[in-house]
Amino acid sequence: MARFGPLLLLVGPALVLAGVRQPLPVLFMVPVGSGGENLTAGLLPAVSLALQDLERQTEPLGKYRVQLQLLDSQCDPAKDLKVLFDALWAGPMYLLMLGGACPSVTSLIARALPALGLLQVSFEAPPPSLSNRKWYRHLVSTVPPVRAVNLATVKLLQRYRWRRVGLLTQDRPGLAEMTRDLIRQLLRADVQLAAAERFSGDACSGLRRLQDEDVRIIVGHFEDGSVTDVFCCAFRLGLFGPRYQWILAAGRSSGWRLGWQPSSCSASSLLTAADGSFRLQVRQLSSTDTPGVSGRTPQEYLELYLKQLNQEGSEVNPLHAFAYDAVWVAARVLVQVKETARKFGSLRNVSVGEEEEGKMLLEAVKSTHFEGVTGPVSFRNGERMTVIELIQFQGDSGVLVGEFNTSHQQVRVLNQLLRFKGPGPARDQTLVRQQPLRVGLLLYCVLSAAAVGTIFITLTVLCIIIIGRWRWPQRPGASPQDELLLLGLLLSSASVLFSGLDRTSLPDPTLEIFCSVRLWTLSLGHTVGLAALLTRTWRVYFVCSVRLKNQLQETGRVQLWILLLDLLVLTSWQILDPLRWEVLQHRLEDSAADQDVVIQSFSERCSSANMELWLTAVCGFKAPLLGLGCFLAWNIRAAAVSGRLLAVSMFSLTGFSASAAAGSLLTSSDPAAQFCLCSMLILSCNLFILMGLFAPQVFWLLSSSCSSSGELQQVELQADAAEEAGVEGLRRRNQELRSQSGQLDVQIETIAMELSATLQQETGCGAAPQLCTARPPAEENINSPERVRRRLSMQLPILHHSYLPVVGGVRSSSSSLFGEQEVVAPRHQDHFLYS
């Protein structure tokens, strides 16, 4: 970096007092090389005004004067370091340096400032990479850091509850670093970054991708020269209006210059697209009318600055006011350090070292506080505390609608000045309105009342059955499976009471307990009822079958094994994969009232990680049992009235069970329909079994208890006759018929022997039967021995089987001998076949 002339003193009133005041040497580094003349020309008038005001005021300089040496920063780190070291070597001893317009050079020099014993006061916003105050504590700036602008953006998003945003960044080194810092702050604030797009020339491709991601809140990091192109693309793509909100986080202070460059969109189109947009920018001048530390108001300073620019023909630099305040910061810090060092040295009679001077510089910066043209100037942890303005573009101009104060980090918005395109702030995305699908209170109360009624009926029948078994142990239709079947009906009916509960009625821990209770009551109730009906059907089938053995097989073990298998599956399910209360999301539906709102319905259910596996295990062993029960019921459907009703009960249990399983799967997305369908099927099945199997028994028991003693005796006699139609009566009757069949066999043999003896006496062939066979018959007689023997050989087997009518024989009414043994149960006393 080449020296820009020898030691340069700014012309003005300072030259008059230069000989009588002690100099405070300051390095002034700005880029004045290629492309930097406009920046230097815009800053030098502000610095000159600051020095003039310092000389005019007795405070803070007093007996000191500021001496500046201008260095040309060519934004080359190697050359800049060489020129800086040359200036420090040539002297005098510098304590402070102004400037730092090149980020690459600023970051390199700022790291070396502690070793050089320098304090740098910058009028450029420090990048986020220099936020580590442990390394860059000797760098201070009168401009708030980029992090403050990003923080203001995040606070604005949080104020309007925007939780999903998109980011559009221009491909520039400074803006890229600003974007990275904003992404970090969005993550800390729990704001979702839906998409981040960069552009260098045409911004339309990036905006299309944002549109594809349904981004509604767009944060823009781009220079003022690209604003026209961006909003022109936004107008063509329709990214404007009440559904979209633009936030331009510029950082630097500049006015709205929309449309200053030619584009393919008209001025009205650009104004339409940009209407309602926000811009966050650092406040350039204070709005107060009170004179500051320089004795001038901000408006007076601006008039003088513009007057000098007109004289020099230069352009306005957006950093001129911060450069003006930076000179005042440097002067106050240097004066305070010099006075402190002089007092410290006079007290101890020693000179102050460079390390002590560095600490004094940092302390002086912390204690600096005055009213500048950019507002109150103070520093916290090396960062400038100031105000960031919130500008909203309304019509063809920008309106100040709020501000962000970096001191208390709060956004203050003037709601009366805000103007949104829609009824309120735009939504950050399509609003998803959650709609729970629950069982209605009325439906739950109705079905619960029906379940309670079914339970009451079942308990009543159970009490009547128990009392009747105690009073009439040998009553017709009695079965040891009655109580077991009624217990299954009670459990399955009780499961309805736990099915319609949800979070609105009970807390989560209690609901999870009820999930397990519902599963156990329903499954055990179904298993117990199925086992009872299956064993009863099994016993009737074997009694009525031609394959009847001498003794019916025991069915108690079958019931026990079925129950143990169900308990094994349920226990394994409860231990390995217990039921939990989970939320099930359903498909989205458009709202008829608002096109920007969709309805997200959800339901809550009891489920586990491997729900399908466990349901398959439960249904896997119950389905074959139901199929076996239907097979047995089909074979006993024509046995008797009792057999037909038992078969119908088995068929109904199978049908209701299959319907409930299929209906539960088909209505899983609608809890109310699922609860209604399954509950009605369960209760209907229970009531059908109660009316079909137990109503005749209850009727007989009630009529027996209301009859007189004579009528009771007659009813008992009729019951004894009817009992023979039952399974136990059939068993005893079959045993009696077998004994009678044996007696008849003996009688037949006796008769056959007597007939043979009679024939021998009549024919005289007892001693020589061979002679009788050779003798021809005298005449054809129907009572001849040969014909009698032939008739006996054909009729005796028929007579033998006629005494087994149960297993397929026919009645024999031609013989008084066999007719006495025939017993036919009256048809009107036919009861159910109970095992």
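Biologist: Which residue in S15 does Glu389 stand opposite?
Modeller: Glu389 stands opposite Glu403 in S15. Keep in mind that this is a predicted model.

Biologist: And how do S14 and S15 pair?
Modeller: In the antiparallel sense, over eight bridges. S14 covers residues 387-394, and S15 covers residues 397-405.

Biologist: What sits between the two strands?
Modeller: Two residues, in a hairpin. Gly395 is in the turn and has a positive phi of about 75°.

Biologist: Which other strand pairs with S14?
Modeller: S10, residues 278-282, pairs with S14 in the antiparallel sense over five bridges. There, Gln281 stands opposite Glu389.

Biologist: Is S14 mostly covered or mostly open?
Modeller: Mostly covered, since eight of its eight residues are buried. In a regular strand the side chains alternate between the two faces of the sheet. In S14 both faces are covered: Val387, Glu389, Ile391 and Phe393 are buried on one side, and Ile388, Leu390, Gln392 and Gln394 are buried on the other.

Biologist: New topic. Where is Ser294 found?
Modeller: In the loop between S10 and helix H9, which is 298-312.

Biologist: Why does Ser294 count as buried?
Modeller: Because its relative accessibility is 2%, and buried means under 20%.

Biologist: What does the side chain of Ser294 make a polar contact with?
Modeller: The side chain of Tyr324, at 3.1 Å. A polar atom of the Ser294 side chain also lies 3.5 Å from the backbone nitrogen of Arg296.

Conventions
Residues numbered from 1 in each chain as written. Predicted model: local features only at pLDDT ≥ 70, side-chain atom pairs only at ≥ 80, totals over all residues. Heavy atoms only, no water. Buried < 20%, exposed > 50% of the residue type's maximum accessible area, 1.4 Å probe, protein only. Helix = DSSP H or I, 4+ residues; strand = E, 2+ residues; numbered from the N terminus. Pairing = 2+ DSSP bridges. Polar contact = N/O pair within 3.5 Å; in protein donor to acceptor, adjacent residues only side chain to side chain.
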